[in-house]
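Let's take a friendly walk through this fold, from its sheet to its helices and cores. Keep the viewer open as you read.

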Amino acid sequence: MSYLRRIYRILVVALVFGYSVVEVLFKRPKTRADRAAWLSSIGNRLLRVQDITFTTIGPIPSTGAVISNHLSYVDILVHSAMRPCVFVSKIEMRSTPVLGWISMMAGTVYVARGAGGSAAKAAEGMAKGFRDGLPVVFFPEGTTGVGDEPVMPMRSGLLSQAIAAEQPVVAGFIHYELTPYDLARGKSTRNDVHWGTQTLWQHMWNFVDLHGLHVTIYFAPEPIPFTTEAVANRKIAAEEARAAVEALAVPLQGHVLGNTK
């Protein structure tokens with residue numbers, strides 16, 4: 001029954017993607033705001049069909065830059081479902097099956113590390129999102145973790161560009177919680193929700209076997225108050241940003257670690 005259930009849920013996800021593809025080809029959204037709204041609708045559909053609910057604590061940022069820890073592609077669905085936004089992603093996302101095409105059509109800004117002109121292109125894409133009045137979301141950790149530490153070291157490039165653009169940077173922290181039923185079955189957020197080193201298909205096969213998932217995302221009440229030293233030195237800015245995200249996880253430390261076995 002578990003095998004058949006997984007196949008059924010994968011087919012449902014495929015149908016949602018198929019409908020969304022037809023929708024975007026029919027509507028052909030022209031503006032970044034329209035594309036972001038389209039991605040938001042996809043996020044809500046996928047969360048609904050996969051029995052994923054979410055709660056937000058703190059004011060949801062509607063402008064400026066937004067950062068958070070990064071555990072799974074579900075992070076993107078949750079961030080987009082709560083309101084339209086623009087994502088900044090590493091260029092490798094562009095070649096990811098299905099997700100890459102969706103991200104491109106949603107107006108994602110891509111960054112190629114170490115490539116000439118990449119920083120300037122990312123800054124230009126972020127600036128367009130800021131000008132459109134959309135929150136620009138990115139994950140400074142640069143990769144997905146498995147929850148062994150609440151927040152991994154952060155890369156400084158995009159943070160420095162947001163600071164240089166004089167945009168507020170709001171910290172967020174994402175926490176996943178399984179149902180008691182799945183916990184009793186030996187499921188864990190570490191193996192079945194957090195992406196880590198699994199391939200996309202391996203992760204999806206594990207993920208669709210879950211019987212519901214609840215996501216809580218905490219937002220800081222105010223933007224990160226970067227020090228003068230951080231404004232001048234992007235490495236210090238990355239450290240202060242990591243501390244701001246970690247501060248949101250402090251009340252959950254024991255619970256988070258207890259649910260990631």
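Two strands pair if DSSP finds at least two bridges between them. Helices (H or I, at least four residues) and strands (E, at least two) are DSSP runs, numbered from the N terminus. This is a predicted model, in which local features need pLDDT of at least 70 and side-chain atom pairs count only at pLDDT 80 or more, while totals for chains, interfaces and linings use all residues. Residues are numbered from 1 along each chain as its sequence is written, and side-chain values use heavy atoms, with hydrogens and water left out.

## The sheet

Let's begin with the strand order. Seven strands make an open, mixed sheet that runs β1-β7-β6-β2-β5-β3-β4. At its edges stand β1 and β4 (109-111), each with a single partner strand, so one side of each has no neighbour in the sheet. From one strand to the next, the twist averages 25°, where axes are lines fitted to C-alpha atoms, for helices over the stretch in contact, and angles run from 0 to 180 degrees between N-to-C directions.

## Two strands to look at

Strand β3 (residues 86-90) runs parallel to β4, joined by three bridges, and Ser 89 stands opposite Tyr 110 of β4. Two bridges join β3 to β5 (residues 136-138), again in parallel, with Phe 87 opposite Val 137.

Now turn to β7 (213-219). Six of its seven residues are buried. Ile 217 is a handy landmark here: Thr 56 is its bridge partner on one strand, and Ile 174 stands opposite Ile 217 on another.

## Helix α9 and the cores

Which residues of α9 (residues 200-207) are buried? They are Leu 200, His 203, Met 204 and Phe 207. Seen down the helix axis, these buried residues fall within an arc of 100°, so they line one face of α9; the arc is that of the directions from the helix axis to the C-beta atoms. Their cover includes β1 (52-57), α3 (74-82), α4 (99-105), α8 (189-192) and β7.

Phe 207 also matters for the next feature. Tyr 176 and Phe 207 have the most contacts inside the largest nonpolar core, which has 38 residues. Such a core is a set of buried Ala, Val, Leu, Ile, Met, Phe, Trp, Tyr and Cys residues joined through side-chain atoms within 4.5 Å. Elements that each supply at least two residues of this core are α1 (2-27), α2 (32-49), α3, α4, β6, α9 and β7. A second, separate core of 34 residues includes Phe 138, Ala 220, Ala 244 and Ala 249.

## Where α2 packs

The axes of α2 and α3 come within 7 Å and cross at roughly 115°. Contact means heavy atoms within 4.5 Å; among the residues making it are Leu 39, Gly 43 and Leu 47 of α2, and Leu 77 and Ala 81 of α3.

Arg 45 also lies in α2. Is Arg 45 buried or exposed? Arg 45 is buried, with a relative accessible area of 16%. Beyond its neighbours within four places in sequence, Arg 45 is in contact with Val 16, Tyr 19, Ser 20 and Glu 23.

Terms used: Buried < 20%, exposed > 50% of the residue type's maximum accessible area, 1.4 Å probe, protein only.
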